[in-house]
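Subject: A structure for you to explore

Hi there,

Here is the structure I promised to pass on to you. Have a look around first, then read my notes below and follow along.

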Amino acid sequence: MAAKTLEREPAVRTTFSLSAPRPSWQVGLVFVAFAALSPFLGRALSGPFNGYHALILCFGVTYAMAALPLNLLMGYAGQISLGHAAFLGVGAYASGIIAGRLGLPFVLGLLVAMAAGAVAALVIGLPALRIRGLYLALVTLGFGLAMYSLVFRLRAVTGGYAGIAVPRPKAGTFEFSNNMDLLAMVIVLFGAVWLLDRNLMRTKVGRAFLALREEEDVAAAFGIDVPRYKIYAFVLYGAFAGAAGSVLGHVIGFAQQETFTFDFSLIFVVIVLIGGLRSRSGVALSAFFFGASPRLFGFLHDWVLLVAPALVLFTLVRHPRGLGGAIAEIQHAIRGRRSAKIESDDDEAAGHLALPRPVATDTRDVEKPLVVGDVVVRFGGLVAVDGVSLDVEHNRITGLIGPNGAGKTTLFNAVSGLVQTQQGQIVVNGVDVTKMPAHRRAAAGMGRTFQQIGLVKDLSVTENLLLAQHRLASYDPVSALGFLPQVSRGERRLRERAAETLSVLRFERYADADLGELSHGQQRIVEIAAASLTSPGLLLLDEPSAGMSPAAAEALAERLIQIRDEIGQTIFLIEHHLPLVMATCDRVHVMDSGRLLTTGTPAEIRRNPDVVAAYLGGRAR
Amino acid sequence: MGTILVIGIATGAVYGLFAFGLVLVYKATRVLNFAQAEIGAFAAFLTWTLTNPVHLPWALAAGIALAASGIVGMAFERLVIRPLISASRLTLVVATVSAGLLVGGVELKAWGGNPKILSSPFTFRGPSIAGVVLPPPRLVALIIGIVAAAVAAWFFRRTTFGLALLAAAQDVVGVRLTGIRLRHLSAFTWGVSSVIGGITGIVIALSLGAFAPFFMARLMLLAFAAAVVGGMTSLPGALVGGVAVGVAEATIAHFWISVPGLVETVMFGVIVLVLLVRPSGLLGRAA
């Protein structure tokens, strides 16, 4: 661990930017200007660059617009859709009906397309709350095929095989009949989706998506309402896909069954994968290529289905970050920042553990921040926690020890709401949380860490600290889309607090490093800091010293005592490293086989023959 | 009524057989094999080439095609699934989806998008049950389905290899400790499921008359519905589910022939409903 084999010192960022990123209205302005000028541009350029080329570019940009929502769903939120074509189809047909059949303005068609897409995604997404994992793939597959073979073929609704004509968009008296004008419109709409997507990812909503993709339990421990954010992801996906479908309809001029096939859905999955999950620019670029190139270079058409999936498989196995990863590497190279693996001394790292004062929330100081009464947790026939009653005293460090399989982590999970209790009562900071979902328990002023680091490894340290403050970001998710002033203010406050935390930890230079690049000990310290930041009432630590060197563990012990004395934190910790327990704990609970064996001071525990027997595997007298 | 049942059971046997392959892979490796359909289609195309332009005897052609699909499945397992086995389930879904698309792309490139017609090797007239003449390919699929179920039941209950396969899905380390080579297990299931895909591909191609790349996508939906109804982890459940889906399809075709795509829509609804109400299906055990 201590071996310092730094080939090159990781770039030290002396200035840590305090300001939240600004809403990119400048970019928006460019789009608007482009749109306003496009009719003139179109005529000026019509020499070398004819309408046919413009139409091809329209396809490219539309594909990019269509791929971004799937990237949002798969890349950010970690959910899958194998029925993407159906969502696009819903949008195209909605526009066909509104703008084509009814002759209403195309903007209305666009809005209806978005609404229809959102509703469809909501209906598909709701079961995903109850059904985890693979089943979403099946349900979206079924949705795609059902829409294709029934809805998109109903003569009365969608015009049967012939489909519906989707006319060129009209805005007032201006008709986008020239392909250059159409291209300008498509670019503006694509830009709008890009901006909304970008805004979203700079706020708590985007961070919540990334967290629930990583580990739902961790997300819930930070106070993120997992089902709600899943639904947000689906609704946004559906609305944006609907909009893209509407544009696709206008570009093709038709909404037809044969456009929205099963393999069209799969191609978008391939596009997102080649672009690189989570990489907005990579996905847009790969989609643009898929949309434009077969029409630009006719001979490519046959090869796309052959080369693209092969590329995906190769990417998955060899380069999991895809095109986006390559783009990021180039960016790093241009900025002269190498993503060198940051190595450092764990012992030194732990020495720095001082925690920032937690943000005051409205939790009351109570004598016993945690009271567990007769809690039972069963998994099928196995009783993991069998009627445990214990409490944790205010401003004390309380230990929970016991042999492997004693039920310690299960008890922690029951307290933080990650497993169901069959019986008993749990009171946190004077609030009965027994029936509350996990994310609301976090709001009662309880933070926790996990045996495996409970943070997102491929987010930067700063972003992780922002994620931890999820509950403190009080703006609503809709305003996050527009990155409105209150969002900007809220984000700035979170960033200030994150920066403060980093400076207290003396981790400023890791601010922009991916968490996964830090050493295990450093990650642990960031995790404890993150959990403590928003939880003045009670801090649950699950084996904080796991994976640390003995010296680092010793330093950690000193820091925990410091947290108790200087900040006044209450700490409840599971620990196997007994010297740490002896050094820090004021009181220790011992569990064995799901039961509370005894409680006492560390000295009493050490002398207790039952405890010794439990640890040595002998039989208690 | 009898007609519906006979047609339903005969087509359902094919769905059940296909679902059987899906469940086999899912049981052993917890991966949904979205590639099985196109690997099956590949076998049909290969059979077409070997019987039409090449004029090999039918049995030999089908044998070669099935062996080839098995090899494709095992190669895929070796090159993609094994390196990714500890990746997220999302990644694995994407991997099998891409593999299916890749095989479809190969078919498009090699055989083009125009429909092909596979002539039936069976010269006898199928038996007549309840007034319905059972086409020979369906009869063969029915027999293969029953035989496959029996073999699988014996394999998973009575052989060490089969038991290890089931155990591997639960506890990889445990199986490794027994000295059984996991690699062989995983490759074996992917091979078998791909051959099953091949058999169903050929049968469906024969009964459709004309077929083009991606003709198996619909079958995939119906077979997944069958697997879900059967509980996703139950091999007999897959066969029973397949028959249920077949009978449902025959019923819909009989009464509401004029509504297009009703079968697919109903099956979509069935998947959603079963997953919501009873995720363990008819015969599956709770995970």
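Let's start where helix 8 of chain A meets helix 10 of chain A. From helix 8 of chain A come Val205(A), Ala208(A), Phe209(A) and Leu212(A), and they meet Val226(A), Tyr229(A), Lys230(A), Tyr232(A) and Ala233(A) in helix 10 of chain A. The residues of this contact divide into eight nonpolar, no polar and one charged. Please keep in mind that this is a predicted model.

How do the two helices lie? The axes of helix 8 (residues 204-214) and helix 10 (residues 226-252) of chain A come within 10 Å and cross at roughly 110°. Angles of 65 to 115 degrees count as roughly perpendicular, so helix 8 of chain A is roughly perpendicular to helix 10 of chain A.

Helix 8 turns up again when you look at the domains. Chain A is divided into domain 1 (25-334) and domain 2 (348-616), and 22 residues of domain 1 are in contact with 25 residues of domain 2. On the domain 1 side, the elements that give two or more residues are helix 7 (179-201), helix 8, helix 9 (216-221) and helix 10 of chain A. Which of them gives the most? That is helix 8 of chain A, with seven residues. By class, this side of domain 1 of chain A has 13 nonpolar, three polar and six charged residues.

Next, please find strand 7 (residues 397-401) of chain A. Is this strand mostly covered or mostly uncovered? It is mostly covered, with five of its five residues buried. Ile397(A), Gly399(A) and Ile401(A) point one way, while Thr398(A) and Leu400(A) point the other way. In a regular strand, side chains alternate between the two faces of the sheet.

Strand 7 of chain A also has partners. Four bridges join strand 7 to strand 12 (residues 571-574) of chain A, and these two run parallel; here Leu400(A) has Ile574(A) as its bridge partner. Four bridges also join strand 7 to strand 13 (residues 587-592) of chain A, again in parallel, and Ile401(A) stands opposite Val590(A).

Finally, look at where the chains touch. The contact takes 35 residues from chain A and 38 residues from chain B. On the chain A side, helix 4 (106-130), helix 5 (135-149), helix 11 (262-275) and helix 13 (300-318) are the elements that give two or more residues. Helix 5 of chain A gives the most, with 10 residues. By class, the chain A side has 27 nonpolar, four polar and four charged residues.

Enjoy exploring!

Definitions and conventions. Residues numbered from 1 in each chain as written. Chains lettered and ligands numbered in written order. Predicted model: local features only at pLDDT ≥ 70, side-chain atom pairs only at ≥ 80, totals over all residues. Axes fitted to C-alpha atoms, helices over the stretch in contact; angles between N-to-C directions. Parallel < 35°, antiparallel > 145°, perpendicular 65-115°, else oblique. Contact = placed C-beta atoms within 7 Å. Nonpolar A, V, L, I, M, F, W, Y, C, P; charged D, E, K, R; others polar. Buried ≥ 20, exposed ≤ 12 C-beta atoms within 10 Å, placed from the backbone. Pairing = 2+ DSSP bridges. Domains from an automatic or database assignment.
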